[in-house]
Amino acid sequence: MSDTTIESILQEHRLFSPPADLAAQAEIQGMAAYEQLYEQAKADPEGFWAELAAQELHWFQSWNQVLDWQPPFAKWFVNGKLNITYNCLDRHLTTWRRNKAALIWEGEPGDSRTLTYAQLYREVCQMANVLKQLGVQKGDRVGIYMPMIPEAAIAMLACARIGAPHTVVFGGFSAEALKDRLEDAQAKLVITADGGFRKDKVVPLKAAVDQALANNSVPSVQHVLVVQRTREEILMEPGRDRWWHELQAGASADCPAEPMDSEDLLFILYTSGTTGKPKGVVHTTGGYNLYTHMTLKWAFDLKDTDVYWCTADVGWITGHSYIVYGPLSNGATTVMYEGVPRPSNLGCFWDVIEKYGVTIFYTAPTAIRAFIKMGDELPKARNLSSLRILGTVGEPINPEAWMWYHQVIGGERCPIVDTWWQTETGGFMITPLAGATPTKPGSATRPFPGILADVVDIEGNPVPDNTGGYLVVRYPWPSMMRTVYGDDDRFRRTYWEYIPPKDGQYLYFAGDGVRRDADGYFWIMGRVDDVINVSGHRLGTMEIESALVSHPAVAEAAVVGRKDPVRGEEVFAFVTLERSYSPTDALKAELKQHVVQEIGAIARPSEIQFADALPKTRSGKIIRRFLRNLASGEDLVGDASTMEDQSVLDQLRQGS
Ligand code: WT7
């Protein structure tokens, strides 16, 4: 967020109304319609969601209570029975959508594949039968560690079809990180590929799985199912490892969707927090299906003729909610792309838009800033006139990047839907509705109907407009996370007690700073905790510190985010060494590599500074605020008098 400071956004007064032709055909037209929905949902949230759930989803059995709220634990559509894959697949087969493209996939080396709803249904059913055959039962957890290929989506849906919660681990995470997640989830089976293509290189995914499972270190895992993608030589452990294509060939395509309770676990997705290990965010079936369905439909004004492309990876919540479940539940055509802009093909995104006539394009600010640096020639060399709506997610978008996106990619005719949400929220929380909400560059605008978002101080008192405070939500919503997997207490502490409940009212604490302006528009200021956002990827500073101190040379480590014009933030680590080690460049390189091994390349520190000591309070707490200032080369902000040893700062300033 290069220039998203309070000062710069306070001066942001530009307002862009949805184009008249788009607004005239939108599902939700104009602000009056939005206000009316918002007020209706606020007055009777349960009635609001119940009506939509009955209208938009297929239920095998209706619920007998809309919401059971025992703070901080919510149940939605109690005793309702459904299967999200029935809503994503089966119900479209009896309509003209049967032969509509469900998934359009473009591979990095230039191969491609389109699956109609009928074809996707068939493959999902076959895979569901394969999972059963390998002993996976309703309730068993399945790990998915895959490149961006159709089989990743098929694997997720196959799990959901038989009621086996999936836990997708981003293919960029290391073997070590994969092991932690499989262990925490007690996965029974892992689905992977021989490898994946990433930036002109082959990522050896199966080898990482082998390493994660070496010496039977995750005994819950009984089988590994392997998709053939790169055709590199890999080891197949007899008895444990099986080829996807071999089992698929013999599998029946008849697999009725398992009736799931609305509150049955759909998936676990690990994300970084302030403290400790990554936490398993738990999402359940009914509320998640409804909320991802509705938010995509209204915010992006999804039409049957749209070709919708979200550039995220299925390893993140954006991929779960808005590549797979949200689009398919709506019967949309969703594009999946294996590649990322790389030296050999910088313009690949624009090629994909032109090739498939993409109408809705949803990406991250860090990507947009990288495109700006690559120059306007690349997008201008392609025909992008099919685009009608643009979206952004992952971090605050600076007004300059917003304007470039609007002008160069959107040709000044596409609304920009800036969606604020989190792994924990399941779906968009604060977002424009494309056909209704006038947008302001840098603002995620107004809360989605049913979302009682607010700005409060640390005690939970509302703050006046334009002052800034903590972003909270005052009422449960259908796709909210249900708990931290296996740790209700951590769930309660992290999200619901950070701001103490008052008069029995619990506030969901998001971890973001925010300001609301006089028009009720929200301006997200970024994380207020020790979570940093590198290229839209969320990393806990503690996690990286633990990785560093697990190296024998490191005595102590403190990690902070340093502002970066393209990536938002980058990882900056201060390290003190054990006595017997010397501060060399070779050691810096080794430590960076060590972090890659422990977590993955996304966590690699951009810079490591060795220090004799770290600034601490008299009670021994590292003063990160100062380290953040030092990393960014800024003047120190705040009072240094609580410091134990003032000379530490001088030494750090001279730095190495
Ligand atoms: C954090 C959540 C939700 C999918 C991607 C990230 C930041 C997300 C925005 C936005 C400003 C944003 C917040 C949030 N964030 N979207 N539109 N404007 N900040 O999911 O990894 O769970 O990270 O991303 O800081 O708390 P996540």
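View 1. Asp-512 lies in strand S23, strands being DSSP runs of E with at least two residues, numbered from the N terminus. The model is predicted, so local features need pLDDT of at least 70 and side-chain atom pairs count only at pLDDT 80 or more, while totals for chains, interfaces and linings use all residues. Residues are numbered from 1 along each chain as its sequence is written, and side-chain values use heavy atoms, with hydrogens and water left out. With a relative accessibility of 6%, Asp-512 counts as buried; the term denotes under 20% relative accessible area, against over 50% for exposed and partly exposed in between (1.4 Å probe, protein chains only). Leaving aside residues up to four places away in sequence, the contacts of Asp-512 include Trp-420, Gln-422, Gly-469, Tyr-470 and Arg-527, where contact means heavy atoms within 4.5 Å.

**View 2. Trp-420 in the loop between strands S20 and S21.** Strand S20 spans 416-419, and Trp-420 is found in the loop between S20 and S21. Its relative accessibility is 8%, and Trp-420 therefore counts as buried. Beyond residues up to four places away in sequence, Trp-420 touches Phe-428, Met-429, Ile-430, Ala-444, Leu-471, Ala-510, Asp-512 and Ile-524.

**View 3. The open sheet of strands S21 to S24.** The sheet has 4 strands in the order S21-S22-S23-S24, with antiparallel pairing; two strands pair if DSSP finds at least two bridges between them. Strand S21 (453-456) and strand S24 (522-527) form the edges, each pairing on one side only. Strand S22 (residues 469-473) and strand S23 (residues 508-516) are joined by 4 bridges. Gly-469 is placed opposite Val-514 in S23.

View 4. The structure holds 0 disulfides, defined as pairs of cysteine sulfur atoms within 2.5 Å. For Cys-125, the nearest cysteine sulfur, that of Cys-255, is 5.6 Å away. Cys-125 is buried, at 0% relative accessible area. The sulfur of Cys-348 lies 15 Å from the closest cysteine sulfur, in Cys-310, too far for a bond. Cys-348 is buried as well, at 1% relative accessible area.
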